[in-house]
Amino acid sequence: MKKDCDLIIKNIGQLLTLAGDTPKRGGEMSNLTIIENAAVASKNGKIVAVGKEDSVISEINLLDNAKEINVDNKVVTPGLIDCHTHLVFSGSREDEFYLRIKGEDYLKILRKGGGILSTVDAVRKASSENLFKNGIKILNDMLSFGTTTVEIKSGYGLSTEDEVKILKVIKKLDEKHPIDIVPTFLGAHAFPKEYKNKEEDYVNLIIEEMLPVIKEKNLAKFCDVFCGKGVFNLEQTERILNAAKYLGFKLKIHADQLIYDGGAELAAKMNAISASHLEYISDEGIANMKQKRIIAELLPGSLFFMGKTNYAPAKKMVNNDVPLTLATNYNPGTCTIKSLPIIMTLACIYMGMNAEEVIVATTINAACALDLQDDIGSIEVGKKTDIVIWDVNNYRQIPYFLGLNLVEKVIKNGNVVYEKQTEDVLR
Ligand code: NIG
């Protein structure tokens, strides 16, 4: 029997389906499962047929009001997935940027009450409406760069009340914006000023109060901890993550970001879904992540923005079968890049990843880092119709044309939610 469809995307030059086993690792990270002269059909926001155009046309029954999009031989990919951001905040930190350019150290600024803590001050003073409005603006920009799903962490509240405030804003953003949002609780982002020299009390507050309240209100899927020098040590990280696991949160860790601290090994020990940053990961950390199938979230935008050169050893991880993702890590301190295509270019230039690997890392593997691989990340029957149409005829141009927005249309749940406005200059 023919399948009804209310949307057909036709005349696709290269359809990057990303189909196959998940997460992709090793050599599979270079396999995009491409179909040429392809089409995709969708009904009620879900994909019902994918393949060569002739074969898709023969399988489907186009409903009366069905929309037809002819992509004119261009490239089509799954919607991009930004699996690591801190995008709900207030204020900005250009003064800190100025100081860092002059040579001031990131952790020293934090120790003096700046950095993350200055954003905490601003967020505590901000209304939920203000946080929501800022969030919408950022998400609009991300959507225009092809992002259809975003993970957002709390972590600029650092009190039960303010962390809940941020997570409620994240929930409202998910309800109101076309981008799907995955919430992560990051109360362990820094020690708030009022807990100076009482760090253990703050860890206890997270364990005894914040985590149960957030669980009870169902405000987060993941619990993350910033593990490392000047923030949460290994023992504190493990205690927090154990408590989170007990309550049913899935786990993430910021690991080996500013120095080697054993965070990758801990992520493996705790069976976290992912570990992020990893600039100083050890060989043992890589081996443990491979063995426990932990996903690496690499964030080259932060290295670039911080003017550093110690990028995470991406190729070594690929060669050791650790599945990689890439994300913007959008936040007011260490990365103000909202575009995943720019992150792809940085990953190619500074980490030696190839065009195929960076696309895998921002689609299907990023879906795995959010435990959403059954719904998004590839163009396969049954998944959400989250699709980007690119104004290129070869996917290798996506990371190549640095800084140009090549996104022509974004389709979310089967609806066109972004369309590039082109001005007719040839009047
Ligand atoms: O990923 N590592 C922790 N958090 C952010 C920084 C947040 C900030 O400086 O405001 C990061 O780099």
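Thr 325 is placed in strand S13, which spans residues 324-326. The model is predicted, and in it Thr 325 has 0% relative accessibility and therefore counts as buried.

**Surroundings of Thr 325**

- Beyond its neighbours within four places in sequence, Thr 325 is in contact with Cys 83, Ile 295, Ala 296, Glu 297 and Leu 298, and also with Ala 361, Asn 365, Ala 366 and Ala 369.
- Thr 325 counts as buried because its relative accessibility of 0% falls under the 20% cut-off.

**Ligand site**

- The ligand is surrounded by 14 residues, of which Arg 93, Tyr 106, Tyr 156, Gln 257 and Thr 334 are the closest.
- By residue class, this shell comprises four nonpolar residues, nine polar residues and one charged residue.
- The side chain of His 189 places an N or O atom 2.8 Å from a nitrogen atom of the ligand.
- For Asn 329, a side-chain N or O atom is 3.0 Å from an oxygen atom of the ligand.
- For Thr 334, the corresponding distance from a side-chain N or O atom to a ligand oxygen atom is 2.6 Å.
- On its own the ligand has 330 Å² of accessible area, and the protein covers 100% of it.

**Helix H13 and its ends**

- Helix H13 comprises 12 residues, 340-351, and its first and last C-alpha atoms are 15 Å apart, close to the 16 Å expected at 1.5 Å a residue.
- Its buried residues are Leu 340, Pro 341, Ile 343, Met 344, Thr 345, Leu 346, Ala 347 and Met 351.
- At the start of H13, the backbone nitrogen of Ile 342 has a side-chain oxygen of Ser 339 within 3.0 Å.
- Just after the helix, Gly 352 adopts a positive phi of about 70 degrees.

- Helix H6 has 17 residues, and its span of 24 Å from first to last C-alpha is close to the 24 Å expected at 1.5 Å a residue.
- Buried positions in H6 are Thr 160, Asp 162, Glu 163, Val 164, Lys 165, Ile 166, Leu 167, Val 169, Ile 170 and Leu 173.
- These buried residues pack against helices H4 (116-125), H5 (128-144) and H7 (199-216), and against strands S7 (147-153) and S8 (180-188).
- Lys 171 also belongs to H6, which covers residues 160-176.
- Lys 171 is partly exposed because its relative accessible area is 45%, a value between the cut-offs of 20% and 50%.
- Between Lys 171 and Met 306, which are 135 residues apart along the chain, the C-alpha separation is 30 Å.

- His 254 is located in strand S10, residues 250-255.
- With a relative accessibility of 2%, His 254 counts as buried.
- Its side chain makes a polar contact with the side chain of His 84, at 3.3 Å.
- Apart from neighbours within four places in sequence, the residues in contact with His 254 include His 86, Lys 153, Leu 186, Asp 224, Val 225, Phe 226, Cys 227, Ser 276 and His 277.
- Thr 147 lies in strand S7 and, at 0% relative accessibility, counts as buried.
- Leaving out neighbours within four places in sequence, Thr 147 is in contact with Leu 80, Asp 82, Met 142, Ile 179 and Leu 340; Leu 340 is also among the buried residues of H13.
- Thr 147 and Phe 304 are separated by 157 residues in sequence and by 21 Å in space, C-alpha to C-alpha.

**Backbone features**

- The peptide bond from Thr 22 to Pro 23 is cis, and its omega is near -15 degrees.
- Pro 23 is situated in the loop between strand S1 (3-16) and strand S2 (34-43).
- Asn 37, which lies in strand S2, has a phi near 50 degrees, a positive value in a residue other than glycine.
- Leu 158 is not a glycine, yet its phi is positive at about 60 degrees.
- The loop between S7 and H6 holds Leu 158, and this residue counts as buried at 1% relative accessibility.

Key. Residues are numbered from 1 along each chain as its sequence is written. This is a predicted model: local features need pLDDT of at least 70, side-chain atom pairs count only at pLDDT 80 or more; totals for chains, interfaces and linings use all residues. Side-chain values use heavy atoms; hydrogens and water are left out. A residue is near a molecule or strand if one of its heavy atoms lies within 4 Å of it. A polar contact is a pair of N or O atoms within 3.5 Å; within protein, one must be able to donate a hydrogen and the other to accept it, and residues adjacent in sequence count only if both atoms are side-chain atoms. Accessible areas come from the Shrake-Rupley method with a 1.4 Å probe; for residues, only the protein chains shown count as cover. Ala, Val, Leu, Ile, Met, Phe, Trp, Tyr, Cys and Pro count as nonpolar, Asp, Glu, Lys and Arg as charged, and the others, Gly among them, as polar. Helices (H or I, at least four residues) and strands (E, at least two) are DSSP runs, numbered from the N terminus. Buried means under 20% relative accessible area, exposed over 50%, partly exposed in between (1.4 Å probe, protein chains only). Contact means heavy atoms within 4.5 Å. The expected span of a helix is 1.5 Å times one less than its number of residues.
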